[in-house]
There are 2 protein chains.
Amino acid sequence: MSLETTSSLETCIVQIAQDARKAARTMAAVSSNRKNQALAAIAGLIRKKAAFIQAANAKDIEHAKANGLSPAMVDRLTITDKGIDAMADGLLFVAGLTDPVGSLSDASVRPNGLEIARMRIPLGVIGIIYESRPNVTVDAAGLCLKAGNAVILRGGSEAIHSNMALAGVIEEGIKDAGLPVAAVQIIPVPDRAAVDILLKQEEYIDLIIPRGGEGLIRHVVALSRIPVLKHYKGVCHAYVDDTADLGMAVNISVNAKAQRPGVCNALETLLVHASIAETFLPLAYDAMTKAGVILRGCEKTLAILPQIASAAPEDWDAEYLDLILAVKVVKNMEDAMAHIAAHGSNHTEAIITQDYNNSRRFVREVDASLVIVNASTRFNDGGELGLGAEMGISTSKLHAYGPMGIKELTTTKFVAWGNGQIRS
Amino acid sequence: MSLETTSSLETCIVQIAQDARKAARTMAAVSSNRKNQALAAIAGLIRKKAAFIQAANAKDIEHAKANGLSPAMVDRLTITDKGIDAMADGLLFVAGLTDPVGSLSDASVRPNGLEIARMRIPLGVIGIIYESRPNVTVDAAGLCLKAGNAVILRGGSEAIHSNMALAGVIEEGIKDAGLPVAAVQIIPVPDRAAVDILLKQEEYIDLIIPRGGEGLIRHVVALSRIPVLKHYKGVCHAYVDDTADLGMAVNISVNAKAQRPGVCNALETLLVHASIAETFLPLAYDAMTKAGVILRGCEKTLAILPQIASAAPEDWDAEYLDLILAVKVVKNMEDAMAHIAAHGSNHTEAIITQDYNNSRRFVREVDASLVIVNASTRFNDGGELGLGAEMGISTSKLHAYGPMGIKELTTTKFVAWGNGQIRS
């Protein structure tokens, strides 16, 4: 495909958006059985055409290496045999989820006899802008389809061959199930300009979900006229209260920091009540060091652990995504909550305590998409919270706050049944 | 106040936004009793200081008349004695609503023993940009306060004296109840530039609600980096099916069109099944004419009602807000639904039918914030649907679709209670 001018690129993107809008109307009325058939068909084709998908992926990997991408990036890009199975299994898992579309809630009868309810419906057309990992193409397509939406995918240029191969496979599966092929479309050009045009199609697109680095997300938020569900970063805290079970506090902190340090729900700052700091910090230091974690402390922490480095002001806002942990001694829970309000990112905040009133107050007053008592921050995840598959974690409050499961890809409309009611 | 440069205006707006963010943290933890006390205090002060409020209002009215505003606009601007009572009564009504903040839902226990729920919380800081009617200042402040939010209000320049007087009264009531005065702030300058600066404060503001004409709303959507809940227009349809009770269809259509033609849930286009058009249209014509409604018809309508004017293509997209009705004969319900999909505004769509399957299909497949069977489109209203007070009707699907009640001014976070759980 050759798109030499902005105007022909614009024509292409607008056409994709219009086709998606049309497909969304059909998708909204499709039965769960039909959607599940499509998901199973795509899963089958992914396994059957693994060699074709992996050959396309090899081209992207070759390009990536030639362009000097880091080994970690190349790793994220690679579709292994296990990756093929994971995509197919993921689709079958989504097929097994309860379909939220059409369900009624909040039913009531008004004094005039009008019967009212809210009916869950698909959002319509969802645009997903993502980087690097080509499995997002399949995971996102599957969840959007199951929720009855049409989806427009725009992956990173570094995965364009993989994504186009996956798009072909998805299209075939959708056709096999008799659904409109425009229900899943991939933007076939790697230009950044395509994203900017997409963000202006508010007439046809209901929601944009950007998945990637903070730069990508800020760009999308600044340009989009379409609502955006986003997540900038996870600066997660654990506060160890003076009544905490210290063994539990050590376990939870180490798990939250070190079990998988490169993810958004990993712990970045540990806040410790002053009255237990002298007992707790040496225990935490030993366990963290064993787990390969390097500490950076406030002045009071350094007084107890003189062997660690001093934390700079920017450490309190850092999302390390690495085996580094900032440690601060606080006067009390109030002080901890003030630190979280100033430096937290509304992602995940934990308290370790045995105090009834403090547990209640922390849960009520801390503003984060998950507030958790006596457990690891790593539980902020769609699967762990019981939502099934997820589309990322929203740290903005409109529509979804926290992991976005299938329900967050739908909305509700009001429906009403009468027998001639008029307003007076 | 004199704000001569953009940079001093920016400083002022940023300060307001920061103060609101701080107040929001306090408001989130305030008890329902305290919030209700504040609402009652403001209601009392509005009645007590009616003369002061109306004197300020008189200045705005004088200005408006001098600037040649239409009598309808002057009427919307005027705070009558009845208007004073309506504002005070509205606040007491909101005080009586159940407080959604802190309530738990979707509770479950995970296999590892972690207890999960969603807790309803305030959105945080809400910015409301509105035109003309000064009662919005009080209504919006009351509903936002009850939901535990801080609110920044930016009314039209034509109501600046009235709004500042009301702001003073609200501030006094808030102080009396011991709440932070920055929980309700009014931007004290009439510059349009203030709005543009406000829309960039995504760090401090969680939601923008514009209330006014389509021009204002499009401006806000184009500039805002903050999520917007909006409603462009209401092009509402009623479809009269071939099995409809024709007397009921006439009653509902006339009520939907003529009971209050200037509002967004009024009927704008009537769609009539071809097989009943010859019987139904003359009945509808007589009743509409009696109600002062002028019809504009498609070709097939004109063949039955030659006395009416012909509809131009733009009539099918018109929000008349007047005693004018477009009428189109359609082949069947499918044809009606296609017309609604092409010309509707996702606001309110009605079917009049006695057919079970058609009623089910219309409700399921038509995409509008309210889909209603055998009743007037005029029921798309927070009060009529049982939500209590409302903040307008959203026709975009994210977060709220339809009337926005107190619940729509809140969101949910996840909360979890454990006893040492970690991830493996």
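This is a predicted model: local features need pLDDT of at least 70, side-chain atom pairs count only at pLDDT 80 or more; totals for chains, interfaces and linings use all residues.
Local features need pLDDT of at least 70 and side-chain atom pairs count only at pLDDT 80 or more, while totals for chains, interfaces and linings use all residues. Residues are numbered from 1 along each chain as its sequence is written, and chains are lettered from A and ligands numbered from 1 in the order in which they are written.

**View 1. Chain A is divided into two parts, domain 1 and domain 2.** Domain 1 covers 6–229 + 404–416. Domain 2 covers 236–384. These bounds come from an automatic or database domain assignment. The C-alpha centres of the two domains of chain A lie 36 Å apart.

**View 2. A rotation of 180° superposes chain B on chain A.** The shift along the axis is 0.0 Å, and the RMSD is 0.0 Å. That is the relation of a two-fold axis. In chain B, the C-alpha nearest the axis belongs to B:His399, 1.9 Å from it.

View 3. Helices and strands here are DSSP runs numbered from the N terminus (helices: H or I, at least four residues; strands: E, at least two).

**View 4. Ten strands from chain A and chain B form an open sheet.** The order is β1(A)-β2(A)-β16(A)-β13(B)-β12(B)-β7(B)-β8(B)-β11(B)-β9(B)-β10(B), and the pairing is mixed. Two strands pair if DSSP finds at least two bridges between them. β1(A) and β10(B) stand at the edges, each with a single partner strand, so one side of each is left without a neighbour in the sheet. Where do the chains join? Five bridges link β16(A) to β13(B), which run parallel. There, A:Gln421 stands opposite B:Ala375.

**View 5. Strand β12 (residues 348–352) of chain A is largely enclosed by the rest of the structure, because five of its five residues are buried.** Buried means 20 or more other C-beta atoms within 10 Å of a residue's own (exposed: 12 or fewer; partly exposed: in between), with C-beta atoms placed from the backbone. A:Thr348, A:Ala350 and A:Ile352 lie on one side of β12(A), with A:Glu349 and A:Ile351 on the other. β7(A) pairs with β12(A) in the parallel sense over four bridges. A:Ala238 stands opposite A:Ala350. β13(A) also pairs with β12(A) in the parallel sense, over four bridges.

**View 6. B:Ile197 is found in helix α8 (residues 192–198) of chain B.** B:Ile197 is buried, with 20 other C-beta atoms within 10 Å. B:Ile197 touches B:Leu9, B:Glu10 and B:Ile13, not counting residues up to four places away in sequence. B:Thr11 is 186 residues away along the chain, yet its C-alpha is 9.7 Å from that of B:Ile197.

Methods. Copies are superposed by least squares on the C-alpha atoms of residues with pLDDT of at least 70 in both. Two residues are in contact if their C-beta atoms, placed from the backbone, lie within 7 Å.
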